[in-house]
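Here are the sequence and the structure.

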Amino acid sequence: MIYLTAFESSLVHLALVVGLAILLPALLSRNNNTHRTIIFAVAGILALRYVWWRATETLAPFEFSIDCLASWSFFAIEAGAVLSSLSAFTILSRVRHRHVEADTHAGWWPADRVPKVSILIATYNEDREVLARTLTGAASLDHPNCEVLVLDDGRRAWLTEFCARYGARHITRPDNAHAKAGNINHTLAMLAASDDPPDFVAVLDADFVPHHDFVSRALALFHEEDVGLVQTPQHFFNPDPIQHNLGLSRSYPDEQRFFFDHLQPSRDAWGTAFCCGTSSVMRFSALKRIGFFPTDSITEDFLVTLALQNAGFRTVYLDEPLTEGLAPEGLKEYITQRARWCLGLMQIARGPLGPMKRNGLRLRDRWSVVDSVLYWTTTFTFRIAALTYPLLYWFFNVTVVDATVPDVISYFGTYFLFVLASLNFVSGGLVVPLVNDVSQLLGAIPISRAAYTGLLKPHGHAFKVTAKGGDRSRTIVQWGLMRPFAIMFVLTWVGLFIGIVSWRYSFGDAGDGKVVILFWTMYNLIVLGLTMLACVELPRKERHLADAPERVTVALGADAPPQRAWIRGLTTEAVRLRGVTAPVGTNIIVTIAGVGDVPGVVVAADSGGAALHISPDEAQREAVLKRLHSEGSAPGVIETRVSGIVPDFLIRLVSGRP
C-alpha cells in the first residue's frame with residue numbers, strides 16, 4: 001500500500017481538477033442546461049467545502065485580540081464574496097438563446113398594420129461625429145415604419161438642421177430634470193399626446209449605432225403580448241481602457257462581454273434579464289401603463305424592468321449583435337460609469353421596488369436585485385481586502401489565515417481552478433486571471449464607496465454623464481487613480497522585504513502560513529503592477545475593431561493604370577493601404593466597394609504601404625459609416641485568444657504602444 005504525504009495528496013486533488021477541466025469541453029455542452037447544472041453544482045459544493053474549511057480550521061481563536069479581529073473580518077468579507085459567487089453559479093446553471101424564436105416570429109404582425117417604432121436617441125454633449133454615426137445607422141434601418149427623434153438635453157441650436165439632414169426630429173425640453181430618464185419621459189409624453197403614437201419605442205444612447213436589422217429582429221420577440229421589453233447586447237467598436245492600455249485589444253475582449261454574451265442569456269433563462277438602457281425596444285402601451293420611466297434611481301434601465309414586471313410585463317433578451325457603440329475611452333469615464341451603475345442599484349434596493357418591500361414582484365425578481373447588490377457590495381470590497389490584509393502579517397505579525405500549504409492547495413486550489421475552468425467553459429475563455437483582477441481593482445475604491453453610500457443614503461445623488469470623444473492623442477498618466485495602488489505596491493514591497501530579512505530570525509510563528517502569505521503577496525505585487533500600468537492611458541486613433549484586410553483598386557493619378565491593393569484600416573477621414581507604395585503628397589483614387597471612387601493624398605509611406613487622408617463627399621461619407629457600423633456582425637474580439645495575450649502584452653511593455 002502506498003501512503004501519500006499531505007502535500008502529495010493535495011497535488012493529487014489538484015491534478016484531478018485539472019484533468020476534469022481538460023475533459024469538460026469534450027464531454028459536455030455549454031448550451032445544455034443539464035450539463036451546466038452539473039458543472040455549477042460541483043462548483044457550489046467546492047465553494048461550500050472551502051468556506052467550511054476556512055470557518056473551522058483557519059481562523060484565530062474567538063477572543064478579544066487583533067488576530068481575531070483581522071482573521072474573522074477577512075473571513076466575513078470573503079464569505080460574502082463566495083455567497084455572491086454561489087448566486088452567480090445558480091444563474092449560470094441555465095441559458096436561453098432566442099435566435100430560432102426571432103426567426104420563427106419575424107413579421108408576426110398583419111401585412112396592413114406594420115407597427116410604428118419611434119427611435120429615441122438620448123444626447124447631452126456628444127459631438128457631430130458621434131451623432132453622425134448613430135443617425136446614419138438609424139436612417140438605414142430596414143423596418144419600414146420608423147421615425148427617429150434626437151432627444152437633446154444640451155439644447156444645441158445647430159442640431160435642428162443637422163438632424164433634418166438625416167430625416168430625424170430634434171427634441172428639446174426646458175430643463176434637465178431627472179437626467180436621461182426625464183429626457184426620455186418628456187418625449188414619451190409628447191408621443192402619447194400625438195395623433196399617431198408609436199406601437200413601440202427603441203432607446204439608443206447617442207454613441208450607439210443600430211445595425212440595419214436591429215428593430216426588425218427585436219420586434220419578432222413581441223409576438224407574445226406580455227413581453228414589454230426586448231434587450232439586446234451592447235458591442236463596442238473601440239477597445240475599452242483596460243484592453244487599450246494593456247495592449248490587449250486584439251486578444252482579449254472588452255470587459256462587458258461576459259455580462260452581455262453569457263450572464264444575460266442565463267438571466268433570461270430564469271426570467272430575470274433586465275434592461276440596460278441603450279439597444280432596447282419597449283412596448284409603448286406597457287410604458288404608458290407604468291407611467292413611463294421611473295425616476296427613483298439613476299439606474300433607470302434596471303428599474304424600468306422591475307416596474308414592467310410589477311405591472312405584468314416581461315423583459316426578454318435577444319443575444320445577437322444588433323448595435324455597436326463607443327466604449328468609455330478614458331479610465332475616469334470607465335470608473336464613473338460603473339460607480340453610477342452601482343449607486344443606482346443601491347437606490348433600487350432601498351426603493352419601493354426593492355426586494356424587501358411590499359410590491360408585486362416575483363421571488364425571482366427579488367433574487368435578481370439581491371444578486372446585484374451582493375455583486376456590487378462584496379466583489380470590489382474583497383479585492384481591496386485581498387491587497388491590504390497580507391500587510392497585517394508583514395508589519396504587525398497578525399495572522400489572517402492560519403493554514404498549511406497542503407490544505408490551501410486541497411481546499412482553495414481545487415475550488416479556484418474548478419470555478420475558473422467552469423466559467424471559461426461556458427464563456428469561451430473570458431475569465432483570465434490577473435487581467436480580470438485588474439478590471440475589478442481599478443474601480444474598486446469608488447465602486448465600494450458608491451455601494452455603501454447608496455445603501456446608507458440612497459437619495460440626493462446627481463447623475464454623472466459618461467463623457468465620450470475628446471482629444472485622445474497624448475499619453476496621460478492618471479496619477480490620482482494610480483496613487484492608492486502605488487502606495488499599496490510600495491507597502492507590499494516593504495512588507496515583503498521585512499519578511500525576507502526576518503525569516504531567519506523567526507519573525508512570528510505562522511508555520512506554513514508564512515509560505516501562504518508569501519505567495520499571496522507575490523500575486524498581489526503582480527496585480528498591482530499591472531493595475532498601475534493600466535493607469536497609463538496611451539494615445540488612441542480612431543479604428544473600428546472589425547477592420548479586416550480587403551482588396552481594393554487604386555489609381556495613382558488620372559492617367560495611371562489601376563492596380564490592386566489591400567485596405568488595412570478605414571475611417572471617414574483616412575485609409576491605410578498595403579501593397580502600394582507612393583511618396584508623401586501623391587494623389588490617389590481609392591475605389592472601395594459600396595462607397596465608390598474616393599480621392600486621397602498620401603500622408604505617410606514606407607516599403608509596406610501608405611497611409612492616406614481621404615476626402616469623401618457627403619454620400620460617400622455616409623456609405624463609409626454604414627459599412628463600418630450598421631452592417632456585419634459583432635465588432636472586435638468576442639472570445640479570448642489565449643495565444644495572443646502574452647505576446648500582445650510584451651509588445652505593449654517593450655514598445656509603449658498598444
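Q: How many aromatic pairs does a search of the whole structure find?
A: This is a predicted model, where local features need pLDDT of at least 70, side-chain atom pairs count only at pLDDT 80 or more, and totals for chains, interfaces and linings use all residues. Residues are numbered from 1 along each chain as its sequence is written, and side-chain values use heavy atoms, with hydrogens and water left out. Rings of Phe, Tyr and Trp (its six-membered ring) pair if their centres lie within 6.5 Å. The search of the whole structure gives 26.

Q: Is the pair of Tyr-375 and Phe-380 stacked or edge-to-face?
A: Planes under 30 degrees apart count as stacked, over 60 as edge-to-face and the rest as tilted. The two ring centres of Tyr-375 and Phe-380 are 5.6 Å apart. Their planes stand at 80°, so the pair is edge-to-face.

Q: Is Phe-380 buried or exposed?
A: Buried means under 20% relative accessible area, exposed over 50%, and partly exposed in between (1.4 Å probe, protein chains only). Tyr-375 has 30%, so Tyr-375 is partly exposed. Phe-380 has a relative accessible area of 4%, so Phe-380 is buried.

Q: What is the pair of Phe-395 and Phe-396 called, by the angle of the planes?
A: The ring centres of Phe-395 and Phe-396 lie 6.4 Å apart. The planes are at 50°, so the pair is tilted.

Q: Which element gives the most to the nonpolar patch?
A: Nonpolar side chains (Val, Leu, Ile, Met, Phe, Trp, Tyr) are joined within 5 Å, and like charges within 9 Å. Phe-395, Phe-396, Ile-487, Val-490, Leu-491 and Val-494 form this patch on the surface. With four residues, the top contributor is α18.

Q: Where is Leu-491 found?
A: Helices (H or I, at least four residues) and strands (E, at least two) are DSSP runs, numbered from the N terminus. Leu-491 is partly exposed, at 36% relative accessibility. Its place is helix α18.

Q: Which elements give two or more residues to the positive patch?
A: Arg-551, Arg-564, Arg-568, Arg-576 and Arg-578 form a positive surface patch. The elements with two or more of its residues are β14 (563–570) and β15 (574–578).

Technical notes:
Patch = residues over 30% accessible without salt bridge, like charges linked within 9 Å, V, L, I, M, F, W, Y side chains within 5 Å. Areas by Shrake-Rupley, 256 points an atom, 1.4 Å probe, with all protein chains shown as cover. Salt bridge = Lys/Arg side-chain N within 4 Å of Asp/Glu carboxyl O. Lys, Arg positive; Asp, Glu negative; His and termini not counted. Charge placed at Lys NZ, Arg CZ, Asp CG, Glu CD.
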